[in-house]
Amino acid sequence: KRISRGDVGPIARRTERQIERAEAHVVALEAPGATEKSRRVTRDVAVIAGLSLAMLGIKALKILPSIPFAPGHKLVILTPIYIIAALKTKSRFGATLTGLTMGSVAFLMGDGRYGIFEILKHITPGLVCDLFVPLMVRLHGTKQPGPLAWSILGGMMGLGRFATIFTITLAVQAPSVAWAFLVPGLLIHTTFGILSGLVSSPLIRALARENTDGVPAVTGVVASHPAEGMTREET
């Protein structure tokens, strides 16, 4: 209910908390006298690790244990985190690396039916995100993309995720099994991907506000550091 009203505070706080934990750990291991490039990599590692941890926590949450109610509903919350990864990292493939990290850990914890191939369904949404988020930000110029834009992107990410699952199923099982869930699976992943836009828009705004300690962030970009993306006078 809170999410439907645009209240994404709990998700934003959890995400920031996990990033801060990861950054504190990575910084503690960083060699003295690190270069600026090294510090950028450190921040990216912290963001990717923190977001992956937040995604794993959401994925592990069981709303209705053992009841197949609206499978894929967690994409509404997971999809925006890919977008946050693309916006908060300096790497060209921040969202892809986040999906790879999250998928690898999920696989090691026994997630999925198709073994190591399960990792691919977490990577594909990240690839779609890394491909289109920079383009969307440039096209909107000084304005952040709105819910409709993020919903379209979410639908594309859901479609990409399902295409990966369908291809894996087609490869490892009898074709009849794959075709049996083609339409339901396509509708489920695409629908929840589109609905994720209602979470992405307020979540991006919330994280932008928190990251700048009350000073508006550069429009269209979520800064990965309180002073990043601001002029010296604004800082």
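The legends below go with an overview and several close-up views of a predicted model.

The secondary structure of the protein chain comes to 9 helices and 0 strands, where helices (H or I, at least four residues) and strands (E, at least two) are DSSP runs, numbered from the N terminus. Of its 235 residues, 44% are buried, meaning under 20% relative accessible area, while exposed means over 50% and partly exposed lies in between (1.4 Å probe, protein chains only). Looking at contacts (heavy atoms within 4.5 Å), 71% of those between residues at least 6 apart in sequence join residues at least 24 apart. The chain exposes about 12,500 Å², and carbon and sulfur atoms supply 67% of that area; accessible areas come from the Shrake-Rupley method with a 1.4 Å probe, and for residues only the protein chains shown count as cover.

**Close-up 1: helices H2 and H3 side by side.** Two packed helices are described by the angle between their axes and the distance between the axes. Here the axes of H2 (residues 36–60) and H3 (residues 75–88) come within 10 Å and cross at roughly 175 degrees; axes are lines fitted to C-alpha atoms, for helices over the stretch in contact, and angles run from 0 to 180 degrees between N-to-C directions. The two helices are therefore roughly antiparallel, the term for angles over 145 degrees. On the H2 side you will find Asp44, Val47, Leu51, Met55 and Ile58, and they meet Ile77, Leu78, Ile81, Tyr82, Ile84, Ala85 and Lys88 of H3. By class, this contact has 10 nonpolar, no polar and 2 charged residues; Ala, Val, Leu, Ile, Met, Phe, Trp, Tyr, Cys and Pro count as nonpolar, Asp, Glu, Lys and Arg as charged, and the others, Gly among them, as polar.

**Close-up 2: Ser104 in helix H4.** Ser104 sits in H4 (residues 94–108) and is partly exposed, with a relative accessible area of 23%. Its side chain reaches the backbone oxygen of Leu100 at 2.7 Å. Ser104 and His122 are 18 residues apart in sequence and 8.9 Å apart in space, C-alpha to C-alpha.

**Close-up 3: Thr169 in helix H6.** Thr169 belongs to H6 (residues 147–172) and is buried, with a relative accessible area of 1%. A polar atom of the Thr169 side chain lies 2.8 Å from the backbone oxygen of Ile165. Not counting residues up to four places away in sequence, Thr169 touches Tyr114, Ala178 and Phe181.

**Notes.** Residues are numbered from 1 along each chain as its sequence is written, and side-chain values use heavy atoms, with hydrogens and water left out. In this predicted model, local features need pLDDT of at least 70, side-chain atom pairs count only at pLDDT 80 or more, and totals for chains, interfaces and linings use all residues.

Technical notes: Parallel < 35°, antiparallel > 145°, perpendicular 65-115°, else oblique. Polar contact = N/O pair within 3.5 Å; in protein donor to acceptor, adjacent residues only side chain to side chain.
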